[in-house]
Amino acid sequence: QVQLVESGGGLVQPGGSLRLSCTAFASHLNIKVMAWYRQAPGKQREVVASATGDGTTNYADSVKGRFTISRDNARNTVYLQMNSLKPEDTAVYYCHALQYFDVQNYWGQGTQVTVSS
């Protein structure tokens with residue numbers, strides 16, 4: 001069983017920045033992929049960015065060039081640096097993890113990001 005604990009959400013003005021963090025807690029961890037999703041009211045949850053242990057990263061087109069995902073494997077933590085934020089980035093952001101040899105996937109509790117003047 002893995003628990004993902006998120007932090008870093010909040011209210012920011014357009015053009016501002018936020019840094020989200022997500023730490024995985026479990027007796028044993030063998031994380032394959034950590035990712036960030038987001039979901040706005042009335043919309044489907046979508047992948048924002050993902051990162052593998054070997055450093056491979058992927059981004060949604062809507063955030064490419066503005067967001068950066070990074071992992072600190074020693075701390076079992078993934079970050080999402082969000083720059084040049086836009087109102088359309090407003091959503092609940094969820095951390096997600098997949099493990100090797102584990103059929104389950106795991107979700108954080110969600111952290112609200114609101115971009116508004």
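**View 1. Tyrosine 100 is partly exposed, with a relative accessible area of 40%.** Here buried means under 20% relative accessible area, exposed means over 50%, and partly exposed lies in between, as computed with a 1.4 Å probe on protein chains only. The model is predicted, so that local features need pLDDT of at least 70 and side-chain atom pairs count only at pLDDT 80 or more, whereas totals for chains, interfaces and linings use all residues. Residues are numbered from 1 along each chain as its sequence is written, and side-chain values use heavy atoms, with hydrogens and water left out. Phenylalanine 101, at 82% relative accessibility, counts as exposed.

**View 2. Three aromatic pairs are counted in the model.** Rings of Phe, Tyr and Trp (for Trp, its six-membered ring) pair if their centres lie within 6.5 Å, with planes under 30 degrees apart called stacked, over 60 edge-to-face and the rest tilted. One of the three pairs is formed by tyrosine 94 and tryptophan 107, which are edge-to-face at 6.5 Å centre to centre, with 85° between the planes. This pair links distant parts of the chain, since tyrosine 94 belongs to strand E9 and tryptophan 107 to strand E10 (residues 105-107), 13 residues apart. Strands (E, at least two residues) and helices (H or I, at least four) are DSSP runs numbered from the N terminus. Tyrosine 94 is buried, with a relative accessible area of 15%, while tryptophan 107, at 34%, is partly exposed. Tyrosine 100 and phenylalanine 101 form a tilted pair, with 6.3 Å between the ring centres and 45° between the planes. Tyr37, Tyr94 and Trp107 together make up one aromatic cluster.

**View 3. Arginine 45 lies over the face of tyrosine 94, at 3.8 Å from the ring centre.** A charge is taken to sit over a ring if NZ of Lys or CZ of Arg is within 6 Å of the ring centre and within 35 degrees of the ring normal. The charged end of arginine 19 likewise sits over the ring of tyrosine 79, at 4.0 Å from the centre of that ring.

**View 4. A disulfide joins cysteine 22 to cysteine 95, with 2.1 Å from S to S.** The two cysteines stand 73 residues apart in distant parts of the chain, cysteine 22 in strand E3 (residues 18-25) and cysteine 95 in strand E9 (residues 91-99). A disulfide is a pair of cysteine sulfur atoms within 2.5 Å, and by this rule the count comes to one. The torsion about the S-S bond of cysteine 22 and cysteine 95 is about -85°, so the disulfide is left-handed. Cysteine 22 is buried at 0% relative accessibility, and cysteine 95 is buried with a relative accessible area of 0%. Because six of the eight residues of E3 are buried, this strand is largely enclosed by the rest of the structure.

View 5. Two strands pair if DSSP finds at least two bridges between them.

**View 6. Strand E4 (residues 31-39) is mostly covered, with seven of its nine residues buried.** Eight bridges join E4 to E9 in the antiparallel sense, and tryptophan 36 stands opposite cysteine 95 in E9. E4 also pairs antiparallel with strand E5 (residues 46-52) over six bridges, where alanine 51 of E5 is the bridge partner of methionine 34. E4 and E5 form a hairpin with six residues between them, and glycine 42 in the turn has a positive phi of about 80°.

**View 7. Glutamine 99 of strand E9 is buried, with a relative accessible area of 11%.** Its side chain reaches the backbone nitrogen of asparagine 30 at 2.7 Å, and a polar contact of 3.0 Å joins the side chains of glutamine 99 and aspartate 102. A polar contact is a pair of N or O atoms within 3.5 Å; within protein, one must be able to donate a hydrogen and the other to accept it, and residues adjacent in sequence count only if both atoms are side-chain atoms. Not counting residues up to four places away in sequence, glutamine 99 touches Val2, His28, Leu29, Asn30, Ile31, Lys32 and Tyr106, where contact means heavy atoms within 4.5 Å.
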